[in-house]
Amino acid sequence: MANVIRHSLTAEELAALALSLAHLGAGPQSVTARRGLRHAFAHLDLDDDVIATTLTTLTTPLPTDVARRARAVANAITARLVIRIQYHDAAGRMTVRDVEPVTCLVHGEFWYLVGWCRMRRSIRAFRFDRILAVEPTDLPARPHLPQRYLPFQRRARVRRPSAA
């Protein structure tokens, strides 16, 4: 099947493919798929260090324990169920939180779970390497549109009619 990809994939398409590989860890299928992604990335014009680092992170297998937690998160996103996580924050505090998972993303060197934190009552991003445990629940999560919660995205300003 030589020359199957005739057109370059967009950065968004490449990221979506890489996200789908995250929970595979270092299995044989993921090794081949990541090699294919690295080949596709070789044809992108990367003049931004953050983008280059992010793409490297996308093509590096997650450690086995992190991949196992990523699988549990991915399953909860698909099933629209709340998960309970044990989280170790940047200040060293450990909390247990119920989270309605929305999506996962990569920025720079780290994978993140983006979800509605029921404890903080707002959207939060949790670094995967700081999530110590993921426990599935049978509590239904409300539907959340991922595009509303992704960081680094510009929001269209709503124009209000001027008072004449």
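**View 1. Strand β3 is mostly covered.** Of the 8 residues in strand β3 (residues 110-117), 6 are buried, where buried means under 20% relative accessible area, exposed over 50%, and partly exposed in between (1.4 Å probe, protein chains only). Strands are DSSP runs of E with at least two residues, numbered from the N terminus. The model is predicted: local features need pLDDT of at least 70, side-chain atom pairs count only at pLDDT 80 or more, and totals for chains, interfaces and linings use all residues. Residues are numbered from 1 along each chain as its sequence is written, and side-chain values use heavy atoms, with hydrogens and water left out.

**View 2. Strands β2 and β3 run antiparallel.** They are joined by 8 bridges; two strands pair if DSSP finds at least two bridges between them. V99 has C117 in β3 as its bridge partner. The hairpin of β2 and β3 has 2 residues between the strands, and G108 takes a positive phi near 60° there.

**View 3. Strand β3 also pairs with strand β4 (residues 122-127).** This pairing is antiparallel and spans 6 bridges. Opposite L113 stands F126 in β4. In the hairpin of β3 and β4, with 4 residues between the strands, R121 takes a positive phi near 55°.

**View 4. M94 lies in strand β2 (residues 94-107).** With a relative accessible area of 44%, M94 is partly exposed.
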